[in-house]
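Hi there,

Here is the structure I promised to pass on. Have a look at it first, and then read my notes below.

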Amino acid sequence: MARIVEGTCRECGKTIRRVSKVPMLVECDCYLYCPLCGGKMSVYKPDLTPRIYRTEGDYDLLGEASSEATVESLFVCLNHDPPHYSTRKPMEVMLK
Ligand SMILES: [Zn+2]
Ligand SMILES: [Zn+2]
């Protein structure tokens with residue numbers, strides 16, 4: 001039988017509830033919101049993205065290096081001057 005599972009985000013303290021038969025891991029969406037004003041932030045894409053356009057396959061031996069090459073997502077809140085840039089990550093919350 002499905003039931004309500006819940007957990008609390010360690011980042012923002014929000015309680016998340018889902019209907020699920022089993023414990024589950026979800027991502028809290030608080031990283032999308034500005035910590036200063038609470039407004040929803042826009043995705044910020046830096047113009048310079050070094051090292052991610054290198055040829056695929058050349059670096060297979062460096063397995064760990066390839067994970068470093070993933071683009072770090074940044075969010076920006078334009079309500080501030082200068083704009084507020086956030087590097088918050090999605091916070092995983094275990095619901096049970
Ligand atoms: Zn949160
Ligand atoms: Zn803001």
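Val43 counts as exposed because it has 9 C-beta neighbours inside 10 Å; the label goes to residues with 12 or fewer other C-beta atoms within 10 Å of their own, while buried needs 20 or more, partly exposed falls in between, and C-beta atoms are placed from the backbone. Val43 sits in strand E4, residues 42-44.

Residues are numbered from 1 along each chain as its sequence is written, with chains lettered from A and ligands numbered from 1 in the order in which they are written.

The average pLDDT (the predictor's confidence in each residue, from 0 to 100) is 81 for the chain, and 71% of the residues score at least 70. Over residues 63-70 it is below 50, and this stretch has 4 contacts beyond near neighbours in sequence; a contact means C-beta atoms, placed from the backbone, within 7 Å. Where pLDDT is low, the predicted coordinates should not be read in detail.

As for the fold, the chain has 1 helix and 7 strands, in the order β-β-β-β-α-β-β-β. These are DSSP runs numbered from the N terminus: helices (H or I) of at least four residues, strands (E) of at least two. Of the 96 residues, 4% count as buried.

Lastly, the peptide bond from Asp81 to Pro82 is cis, and Pro82 lies in the loop between strands E5 (74-77) and E6 (84-86).

Best wishes

How values were computed:
Predicted model: local features only at pLDDT ≥ 70, side-chain atom pairs only at ≥ 80, totals over all residues. Contact = placed C-beta atoms within 7 Å.
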